[in-house]
Structure formats: structure tokens, C-alpha cells
Amino acid sequence: AAACAVACATAGAPAAATTGSRAASPSHSRFRVADGALGVNVAPWDGIYQPGARAAAGMQRMLKAAGVGMLHYGGGSWADLYDWRTDTDIKNCLPRHATASFTGRCSSRDPLDFARFSRQARAIGAASFATVNYGSGTPALAARWVADARTRPGEAVRLWEVGNESYGCWEVDNELERAPEHYSGYTPGTYTTVHGVHENATCPQATRGSAKGARILATSYAVNALRFLKAMKKADPAARIGVPWAFGTSVHGAAVIDAGEWNRSVLRTDGRYAGFVDARWYPFSFSGGTGGRNPTARRVLRTLFQIPGLYRDIRRSLDAYDPAADVVVGETGITNRESTAVCRPVGAVFAAGDVLSWLAAGARTVDWWDLNNYGNKTAACEKGDNGLFTSSTPAVPETPYWGYLLAAKLARPGARLAAIGVSASHAGPPPSRSVLAYESALPGGRRAVALVNTSTSSARKVTVRPFAPLSGKLRTWTYSARNQDATASRIVAGRARVASGAPRVTLPPESVRILETR
């Protein structure tokens, strides 16, 4: 996942979003939910997800139950040091041997090769999203993968991406030494602390200054990624290929210095070939739990109000350089570091709001980081982690999985999803300051509404303002932080009757409630 580099490492709470956020007020657009809208990241190093592994069978059942239709293959930064053809990586060769052979002495074999990964994806009816090796690979290697996948229906790929997070000095980036930059001396992973800042001293931004360093990285990627894009398109003219989108320093867990320089340079040069941009969204960069020196659970949930504005910023840039391109969120989570937040109710509430906010804004797919990453190796969720599941046998859901189950009630392929408004049904603070609301017109004629109370201390009584009256007998599902933790999570199903067409709902603190017509 993303890591911080040079001076982008100042972790803290993002600025509060305005209460007029599109996520908290009626939207004029309803977006069709794409196949594969709900996604998750899967890595070549994930041995317990192999076909036949005892933990994998349970994860497969749970992924299917949650409507996960996209598996993103690459493993974050691992993608830039992994060769799909030999199923080996050069992780143990770093930092000094970034140009090492994938079959050399320091290379290592990975347990989940692309063929096995593809079998797992097809088994649950999911599509594949693959990140090709830009950092230590070649255009020819990437094109061969595209061509090979094109001829094997079981290994078909819906979305491709050139490189992982090449805007940052945590990535392998051998292309920096090529024209036009000819930048030498960069070695990935060589971090040190200088004047209290944890940085890679060989990074262009450290040696040439922030602005010039950003231009070096952006120019190098824009020119050299074009070689990859052209080769991949030649191998399959129908391939939909994306490039990384960089957030600025206000998004602390995915911050990029001079992000505008990166986005403009890449889209100007590569926009003709890019079918989408991949925005990695981690609002924070902290380890441990919420509270204390870290952001509180309430501050974590408040960041969900930023999503519509962030999406609009991306869309404006795409409209200028690449109007036909989509937006995907190739990685997301509360923080880019392992945290016990995924063991607490905030993980479920955040995940539901995260997915629904991006999809209601217009994103094509939202892919949680990650499936499992060995933070919790037993069934007890008590240590820092990122995943939907523990890395135990059997695998056990961590709280973001429950958020995915809730989001799946609305994010069904073919549904029409939008943010809607709510109003207060009693005197008190305007609910737009704490309640997110979404409506989905489901295939088959049913409709569903999701309500997310981001207040961790107060219940909210709201009147839902759907696009059309919502009345009659409704099914309900509720997840509330009360009496729940990672070892006792549950979603409570129920029934409700609404006569007015504008349901009045009481939302417990830190909760998600779904209403669905019958």
C-alpha cells in the first residue's frame, strides 16, 4: 500500500469537510453500478488464498456473499518487483539490486501465481484488475502478459494498470535512469531520518527539491509509461489500461508532493491511451488504534464527507485531458498503515460509507486494501491489520467485511445509485453534519436506502428524502457500534412499515442502517 516519502509524511487529521457536501445532500446524478464495483486487493504473496487452501474456501464464500466482483492483483508496491511469467519477485534483492534477474539467486517464488489467482476470481464470478510491473519490468513483459491473458478465457483481465504508485520513492523505478531524465543513484527502500523527517535520501525530491523532484518523477513516468501503454494496446486493442492518480498533501495516507504536476504531466502525455485513473484513498497515516494521539473514530468517519469533492476534482482534470476516462479507487482503507481500527466498529461503518460514497460520486470500482495481510494470524482481531479477513484457518471477518456486506445491499451491478438528502425529524443539529444517505434503484424494481451516522456519541433522528416515495413494508438491516467489537460483530435484520413515503428513522451512534422495499 501507499507509504509516505520525503516531506509528505506529516500525519494528521484532514481538514473538516463542509456540510454542503454532495454526499450529504441530494444528488442530480444517479450512476449505474458497474460489474465489479465492490473490489478487494489480492497479492501474489498471499499463500492462504491459494485454491485448495483451508482458509481460502471460507474467504471465497464470504466474498461472494458480500458481492465482491473485482479482485485487484499485484499486492501494492509488490507489483513493481514481480514477474507474472516466472511467478517470482526481487524483494530480497532490494535496495541495492533493483535490476536483479527474476530468476537470479536473490529472487523468490510467490505462492499465488496469476493462474491460481484467476481460478479463484472466476470461482466467485469476479473480474480481474491487474497491475503490470512498471518499476523493474519492461513494455515487452507487460505486453506479453496482456497477450497471454487475451488468449486464455480463464485468465481474462478487465482492467490493467501501468505500475503501482510511481509518483512515490517507495516504489522500484528503474525507468528513472532512462531518457528523458537519466536520473541516477535512486535506490528504493533506503529510508533514513533527516531532521525528524523519514525520507529516501536518494529520491529526486530529496536531492533536487520538492518541485523539481516531482517534475522528474512525473516526466519520467509519463514518457516511459507511454511505451508500456502502446505495447499493451498493440497486444490487445480492446484492453482498458489505467495510470496512477496522485492526491495532494491533504490526503495524509496517500499524500504526494506537487500532485498537480504529476497528474497534468501524465494525462497530457498518456491520456490518449488511458482508459481510467487509479486514485488510492487513505485519509490517514497512523498505526495502532483510534483515539489518544491518533484521530478519534468520529474524525475518521468525518473524512467520508470529503469524497464527493475529491471525485469532482479528479473529474475536472479528466474532462480537460481525458474526458472518456473512468475513475477507479484501486486501494482504500482508513489508514495506509496496519491499525487496530479494523478490529473495531469504526472499520465497518467507514468501509460502508467509503464504498457507497465513491460509487455514488461516479467511481467504477472501489477496492479495499486488502484481502488479508498477516497482521492477525489467529482468529482474534487484536493486532494492527488492514484486511477484510484475519490470516487464520479458518479466516474470520475483520470489521470492514461487515461494511462490505452492508454496501452490497445497494451496490448491485446494474443498480442506479446516488446520494440523497435527509432532514431532521426533531429539533437538534442538522443531520447533514453527521448523516450520509444513499438511494439505489435495484434491478428488478426494488429500492434500497443506506443511512450512515458518523456521530460516535449521539443518535440521530432523521427523515429520509428519497427520489420517489418509499412506503409499505420494508426490510431492514442495522449495524451499530453498541455492544459490538471484532469478536462479536453482527448485522441485525428486521422489518418496518412506512406509510408516508418519507421514512423517519432513528440511527444509533456510529451505525449503518439499510432499508429495502419488498
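These legends accompany a set of close-up views of one predicted model. Because the model is predicted, local features need pLDDT of at least 70 and side-chain atom pairs count only at pLDDT 80 or more, while totals for chains, interfaces and linings use all residues. Residues are numbered from 1 along each chain as its sequence is written, and side-chain values use heavy atoms, with hydrogens and water left out.

**Figure 1. The whole chain, for orientation.** Let us start with the overall picture. The chain comes to 10 helices and 23 strands; these are DSSP runs numbered from the N terminus, helices being H or I with at least four residues and strands being E with at least two. Its C-alpha trace spans about 70 × 50 × 45 Å along the principal axes. Of the 518 residues, 62% count as buried. Here buried means under 20% relative accessible area, exposed over 50%, and partly exposed in between (1.4 Å probe, protein chains only). The areas come from the Shrake-Rupley method.

Figure 2. The bond from Ala179 to Pro180 is cis, with omega near 5°. Pro180 sits in the loop between strand S8 (159-162) and strand S9 (191-194). Asp370 belongs to the loop between strand S14 (366-368) and helix H10 (399-407). For context, most peptide bonds are trans, and most residues other than glycine have a negative phi.

Figure 3. Asp258 is not a glycine, yet its phi is positive, at about 50°. Its place is the loop between strand S11 (241-245) and helix H6 (259-270), and Asp258 is partly exposed at 36% relative accessible area. Glu510 also has a positive phi of about 50° without being a glycine. Look for Glu510 in the loop between strand S22 (504-507) and strand S23 (511-517); with a relative accessibility of 10%, Glu510 counts as buried.

Figure 4. The whole structure holds 18 salt bridges, each defined as a side-chain nitrogen of Lys or Arg within 4 Å of a carboxyl oxygen of Asp or Glu. In one of them, Arg178 meets Glu175 at 3.2 Å, N to O. Arg178 is partly exposed at 39% relative accessible area, whereas Glu175 is buried at 5%. Another joins Arg316 to Asp313, with the closest N and O atoms 2.4 Å apart. Both residues of that pair lie in helix H8 (residues 307-321), 3 residues apart, about one turn of the helix. Arg316 is exposed at 51% and Asp313 is partly exposed at 37%.

**Figure 5. The salt bridge between Glu516 and Arg412.** The side chains of Glu516 and Arg412 meet at 3.0 Å, N to O. Glu516 lies in strand S23 and Arg412 in the loop between H10 and strand S15 (416-419), so the pair ties together parts that are 104 residues apart in sequence. Glu516 is buried, with 1% relative accessibility, while Arg412 is partly exposed at 31%.

**Figure 6. A network of salt bridges.** Now for a view of several charged side chains together. Glu161, Glu165, Asp278, Arg280 and Glu331 are linked in this network.

**Figure 7. A patch of positive charge on the surface.** Lys473, Arg495, Arg497 and Arg518 gather here. Patches are built from residues with over 30% relative accessible area and no salt bridge; like charges are joined within 9 Å, and nonpolar side chains (Val, Leu, Ile, Met, Phe, Trp, Tyr) within 5 Å. Lys and Arg count as positive and Asp and Glu as negative, with His and the chain ends not counted. The place of a charge is taken as NZ of Lys, CZ of Arg, CG of Asp or CD of Glu. Lys473 is in strand S20 (residues 472-480) and is partly exposed, with a relative accessible area of 45%.

**Figure 8. Asn92 in its loop.** Asn92 is found between strand S5 (88-89) and strand S6 (108-109). With 56% relative accessibility, Asn92 counts as exposed. As a distance to check in your viewer, Asn92 and Ser250 are 33 Å apart in space, C-alpha to C-alpha, and 158 residues apart in sequence.

Notes:
Areas by Shrake-Rupley, 256 points an atom, 1.4 Å probe, with all protein chains shown as cover.
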